[in-house]
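I opened the notebook to look up how the two parts of this chain meet. The entries below follow the order in which I checked things.

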Amino acid sequence: MKPIWIKHAGQLVTMASDHQSARTKEAMSELGIIEDGSVWLEDGIIVKTGTTLELEHIYTERAAEAEVVNAAGKLITPGLVDPHTHVVYGGTREHEFEKRLEGVSYMEIMNAGGGIHATTRMTREATEEELYNQTKKRLDSFLQHGVTTIESKSGYGLNLETELKQLNVAKKLNETHAIDLVTTFMGAHAVPMEFKGREDDYVAYVIEEMIPKVASENLARFIDVFCEKNVFTPEQSERILGAGKAYGLIPKIHADEIEPYKGAELAAKVGAISAEHLLKSSDEGIQAMAESGVIACLLPATALYLREEAAQGRKMIDAGVPVAISTDCNPGSSPTTSMPLVMNLACISMRLTPAEALTAATINAAYAMGVEKFAGSIEPGKKADIVMWNVPNYQMLQYAFGVNHVKKVWKSGIQVV
């Protein structure tokens, strides 16, 4: 593999800093910008960053052996990181989108056997090959939008066989697709229809049968649960997350999405790496996350799609909560693969600044997935996951919204877009 020398970037946003944890408050605006920036990539790894003049002093004699990329007038950033997706699923639910516009609520659809239950039926019926092919197309679209690392949750199986099928598909795609996938077991995404009225029996099934099998086959790094009224109570959620922790799975939690339900407080209590959604989180929950270092993974595209008020991103950052953002790619409440749109929405609907939105989509998102040692910033020793944008600076990336500004993407030093 030839070395790659990217030169003369209008702005090289490195995200480099001395911070050893997800960024909070003012640190979320520290982008590590190098004007007329330059980066040398070798064997899929970032070797050196600096101004173009600085790297010319070091690498001029090796320029002939490298692929030289002129990035004049372009923005260079780390590959985007999406820390919350349900990307492996069967079928679509466009008819439910129309129902919601006619006035039927998300939970009404779900309680009538639609929503997650509809996707569960389609995912159970799909073969592993069908799920693989459908998901690959979505991953290709993620790449086109500058995303190089994503989290992939199960949760559309709600039985052992299909949960394992989803996780195995994600594992195979991690091995064969350019994007890195990190897996989360979410058998507690809903109570399946066959367990209706026997919710505690399903909780026992998740704890006693699903979690041990997923852990024994090393199919997931994290465990997640939908802590929500009429789904899983805080007590049930704590039991599930505790059982996962006992098997080495790191807790995440869908929290306070539909109603205030003390999900943020529970995230702090169980030591979750992140809490997701948080549209209805209380002030006490926000403070608890700030004190415990739980990363708030906010999903503004989901709020927009459901026509809900977005999470209080500005308030969370000001309170000292580290914030990440995500597409929440899923078939029912956020069928998008556009992290650039999510960054736009983070600014427009949650009052993040352009700098904070970019931090939330790169280094903080990497921390929310536990991949900060190789992703989320342009620093020596990390994977050469890099995006060139057709804009001159990071502000323009958020200012000109609803547009995919991606020009080129490198994944582990290989140009994939």
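How many residues of domain 1 are in contact with domain 2? I counted 32 residues of domain 1 in contact with 34 residues of domain 2, contact meaning heavy atoms within 4.5 Å.

I noted that this is a predicted model, in which local features need pLDDT of at least 70, side-chain atom pairs count only at pLDDT 80 or more, and totals for chains, interfaces and linings use all residues. Residues are numbered from 1 along each chain as its sequence is written, and side-chain values use heavy atoms, with hydrogens and water left out.

I took the bounds from an automatic or database domain assignment: domain 1 is 4-79 + 378-415, and domain 2 is 81-369. Their centres, over C-alpha atoms, lie 30 Å apart.

I looked up the buried area (accessible area, 1.4 Å probe, that two parts lose on being put together, summed over both). Between domain 1 and domain 2 this comes to about 2500 Å², with 65% from carbon and sulfur atoms. On the domain 1 side, Met-28, Gln-398 and Lys-411 lose the most area to domain 2, together 26% of what that side buries.

I then checked salt bridges (a side-chain nitrogen of Lys or Arg within 4 Å of a carboxyl oxygen of Asp or Glu). The count between the domains is 2. Lys-411 also forms a salt bridge with Asp-180, their closest N and O atoms being 2.6 Å apart.

Last, I sorted the residues of domain 1 that touch domain 2: 15 are nonpolar (Ala, Val, Leu, Ile, Met, Phe, Trp, Tyr, Cys and Pro), 6 charged (Asp, Glu, Lys and Arg) and 11 polar (the others, Gly among them).
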